[in-house]
Amino acid sequence: MADYYKVLGIASDASEKEIKAAYRRLAKEYHPDVVGDDPRKKQRMYEIQEAYGVLGDPKKRADYDRKRQNASRAEQKAGTEEKKGPGPVPDRSAFERFFGFQPGNGMETYQDRKREDPKGAMKPEERFASFFQHIR
(Lines give C-alpha, C1' and ligand atoms only; values in the text may rest on other atoms or scores of the structure.)
Protein backbone atom coordinates (compact mmCIF):
# COMPACT_ATOMS: atom_id res chain seq x y z
CA MET A 1 0.00 0.00 0.00
CA ALA A 2 1.42 3.35 -1.04
CA ASP A 3 1.96 5.90 1.70
CA TYR A 4 0.07 8.88 0.30
CA TYR A 5 1.13 11.10 3.17
CA LYS A 6 4.75 10.43 2.31
CA VAL A 7 4.08 11.05 -1.38
CA LEU A 8 2.74 14.52 -0.57
CA GLY A 9 5.36 15.10 2.11
CA ILE A 10 2.86 15.80 4.89
CA ALA A 11 2.02 14.43 8.33
CA SER A 12 -0.83 11.95 8.72
CA ASP A 13 -2.76 14.48 10.80
CA ALA A 14 -2.49 17.24 8.16
CA SER A 15 -5.50 19.47 7.61
CA GLU A 16 -7.35 19.73 4.29
CA LYS A 17 -5.67 23.08 3.73
CA GLU A 18 -2.20 21.56 4.25
CA ILE A 19 -3.02 18.70 1.89
CA LYS A 20 -4.16 21.09 -0.84
CA ALA A 21 -1.09 23.33 -0.37
CA ALA A 22 1.28 20.34 -0.60
CA TYR A 23 -0.47 19.10 -3.74
CA ARG A 24 -0.29 22.50 -5.44
CA ARG A 25 3.40 22.91 -4.58
CA LEU A 26 4.26 19.44 -5.94
CA ALA A 27 2.01 19.83 -9.00
CA LYS A 28 3.89 22.97 -9.99
CA GLU A 29 7.20 21.16 -9.59
CA TYR A 30 6.24 17.96 -11.43
CA HIS A 31 3.76 19.28 -14.00
CA PRO A 32 4.37 17.70 -17.45
CA ASP A 33 4.98 21.12 -18.98
CA VAL A 34 7.81 21.68 -16.48
CA VAL A 35 9.45 18.21 -16.47
CA GLY A 36 9.35 17.65 -20.22
CA ASP A 37 10.06 14.07 -21.31
CA ASP A 38 11.49 12.76 -18.03
CA PRO A 39 9.53 9.51 -17.43
CA ARG A 40 10.45 9.29 -13.73
CA LYS A 41 9.14 12.76 -13.01
CA LYS A 42 5.98 12.06 -15.02
CA GLN A 43 5.44 8.93 -12.93
CA ARG A 44 5.98 10.99 -9.80
CA MET A 45 3.20 13.36 -10.94
CA TYR A 46 0.83 10.40 -11.35
CA GLU A 47 1.65 9.32 -7.80
CA ILE A 48 1.03 12.86 -6.52
CA GLN A 49 -2.34 13.01 -8.29
CA GLU A 50 -3.34 9.61 -6.93
CA ALA A 51 -2.37 10.64 -3.39
CA TYR A 52 -4.30 13.89 -3.62
CA GLY A 53 -7.29 12.09 -5.12
CA VAL A 54 -7.52 9.99 -1.96
CA LEU A 55 -6.41 12.44 0.72
CA GLY A 56 -8.30 15.39 -0.78
CA ASP A 57 -11.65 13.59 -0.40
CA PRO A 58 -12.68 13.22 3.29
CA LYS A 59 -14.53 9.91 2.73
CA LYS A 60 -11.71 8.35 0.71
CA ARG A 61 -9.18 9.62 3.25
CA ALA A 62 -11.08 8.05 6.17
CA ASP A 63 -11.25 4.74 4.29
CA TYR A 64 -7.53 4.96 3.40
CA ASP A 65 -6.57 5.73 7.02
CA ARG A 66 -8.62 2.73 8.21
CA LYS A 67 -6.93 0.39 5.69
CA ARG A 68 -3.53 1.81 6.56
CA GLN A 69 -4.12 1.24 10.26
CA ASN A 70 -5.28 -2.34 9.66
CA ALA A 71 -2.21 -3.03 7.51
CA SER A 72 0.01 -1.65 10.25
CA ARG A 73 -1.62 -3.92 12.81
CA ALA A 74 -1.21 -6.93 10.52
CA GLU A 75 2.50 -6.15 10.07
CA GLN A 76 2.97 -5.83 13.83
CA LYS A 77 1.14 -9.10 14.40
CA ALA A 78 3.24 -10.84 11.75
CA GLY A 79 6.39 -9.45 13.35
CA THR A 80 5.50 -10.87 16.76
CA GLU A 81 4.62 -14.25 15.26
CA GLU A 82 7.99 -14.44 13.54
CA LYS A 83 9.77 -13.79 16.82
CA LYS A 84 8.08 -16.76 18.47
CA GLY A 85 10.20 -19.16 16.45
CA PRO A 86 9.25 -22.57 15.16
CA GLY A 87 6.86 -24.77 17.05
CA PRO A 88 7.72 -28.12 18.59
CA VAL A 89 9.44 -30.61 16.31
CA PRO A 90 7.15 -33.55 15.50
CA ASP A 91 8.29 -37.10 16.21
CA ARG A 92 9.21 -38.51 12.82
CA SER A 93 11.03 -41.60 13.94
CA ALA A 94 8.57 -44.03 12.33
CA PHE A 95 8.60 -42.06 9.09
CA GLU A 96 12.38 -41.88 9.06
CA ARG A 97 12.71 -45.56 9.76
CA PHE A 98 10.12 -46.48 7.13
CA PHE A 99 11.85 -44.51 4.37
CA GLY A 100 15.34 -45.44 5.51
CA PHE A 101 16.87 -42.19 6.58
CA GLN A 102 17.52 -40.10 9.62
CA PRO A 103 18.17 -36.36 9.77
CA GLY A 104 21.86 -35.64 9.48
CA ASN A 105 22.73 -39.17 8.38
CA GLY A 106 21.46 -39.04 4.81
CA MET A 107 19.80 -41.90 3.05
CA GLU A 108 20.75 -45.14 4.67
CA THR A 109 20.18 -46.95 1.41
CA TYR A 110 23.38 -45.34 0.15
CA GLN A 111 25.41 -46.34 3.18
CA ASP A 112 27.43 -49.49 3.70
CA ARG A 113 25.02 -52.40 4.12
CA LYS A 114 27.62 -54.52 5.94
CA ARG A 115 26.96 -52.55 9.12
CA GLU A 116 23.76 -53.57 10.78
CA ASP A 117 22.10 -50.71 12.59
CA PRO A 118 19.26 -51.79 14.90
CA LYS A 119 17.52 -48.46 14.25
CA GLY A 120 18.33 -48.53 10.54
CA ALA A 121 16.04 -48.74 7.58
CA MET A 122 13.14 -51.15 7.60
CA LYS A 123 13.49 -54.37 5.73
CA PRO A 124 11.16 -54.75 2.74
CA GLU A 125 9.08 -57.36 4.60
CA GLU A 126 8.55 -54.91 7.49
CA ARG A 127 7.50 -52.17 5.10
CA PHE A 128 5.00 -54.45 3.39
CA ALA A 129 3.62 -55.62 6.71
CA SER A 130 3.27 -52.07 8.03
CA PHE A 131 1.22 -51.10 4.98
CA PHE A 132 -1.13 -54.03 5.24
CA GLN A 133 -1.26 -54.60 8.99
CA HIS A 134 -4.77 -53.18 9.26
CA ILE A 135 -6.08 -55.69 6.68
CA ARG A 136 -6.70 -59.05 8.31
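Predicted model: local features only at pLDDT ≥ 70, side-chain atom pairs only at ≥ 80, totals over all residues.
Which residues are buried in H2?

The buried residues of H2 are Ile19, Ala22, Tyr23, Leu26, Ala27 and Tyr30. When you look down the axis of H2, these buried residues fall within an arc of 130°, and so they line one face of the helix. On the face that is turned away from this buried side, H2 carries the exposed residues Lys17, Arg24 and Lys28. As for the helix itself, H2 runs over residues 16-30, which makes 15 residues, and from its first C-alpha to its last it reaches 21 Å, close to the 21 Å expected at 1.5 Å a residue.

Let me now step back to the chain as a whole. Its secondary structure comes to seven helices and two strands, and if you read along the sequence the pattern is α-α-α-α-α-α-β-β-α. The chain has 136 residues, of which 20% count as buried. The accessible surface of the chain comes to about 11,100 Å², and 53% of that belongs to carbon and sulfur atoms. If we take the contacts between residues at least 6 apart in sequence, 48% of them join residues at least 24 apart.

Next, the aromatic residues, of which a search of the whole structure finds three pairs. One of these pairs is formed by tyrosine 5 and tyrosine 64, and it is tilted, with 6.0 Å from centre to centre and 45° between the planes. This pair links distant parts of the chain, since tyrosine 5 sits in helix H1, residues 4-8, while tyrosine 64 sits in helix H5, residues 58-84, and the two are 59 residues apart. Tyrosine 5 is buried, with a relative accessible area of 1%, and tyrosine 64, at 5% relative accessibility, also counts as buried. Ring pairs join Tyr4, Tyr5 and Tyr64 into a cluster.

Staying with helix H5, we also find arginine 61 there. Is this arginine 61 buried or exposed? Its relative accessible area is 13%, and because the cut-off for buried is under 20%, arginine 61 is buried. Leaving aside neighbours within four places in sequence, arginine 61 is in contact with Tyr5, Ser12, Asp13, Ala14, Ser15, Ile19, Val54 and Leu55. Two names in that list have come up already, namely Tyr5, which belongs to the tilted pair, and Ile19, which is one of the buried residues of H2.

Finally, I would turn to helix H4, residues 39-55, where methionine 45 lies. Methionine 45 counts as buried, at 5% relative accessibility, and, not counting residues up to four places away in sequence, it touches Tyr23, Ala27, Tyr30, His31 and Pro32. Of these, Tyr23, Ala27 and Tyr30 are buried residues of H2. Methionine 45 and leucine 26 are 19 residues apart in sequence, yet 7.9 Å apart in space, C-alpha to C-alpha. Arginine 44 lies over the face of tyrosine 30, at 5.3 Å from the ring centre.

Methods: Residues numbered from 1 in each chain as written. Heavy atoms only, no water. Phe/Tyr/Trp six-rings, centres within 6.5 Å; stacked < 30°, edge-to-face > 60°. Helix = DSSP H or I, 4+ residues; strand = E, 2+ residues; numbered from the N terminus. Buried < 20%, exposed > 50% of the residue type's maximum accessible area, 1.4 Å probe, protein only. Lys NZ or Arg CZ within 6 Å of the ring centre and 35° of its normal. Contact = heavy atoms within 4.5 Å. Expected span 1.5 Å × (residues − 1). Arc of directions from axis to C-beta. Areas by Shrake-Rupley, 256 points an atom, 1.4 Å probe, with all protein chains shown as cover.
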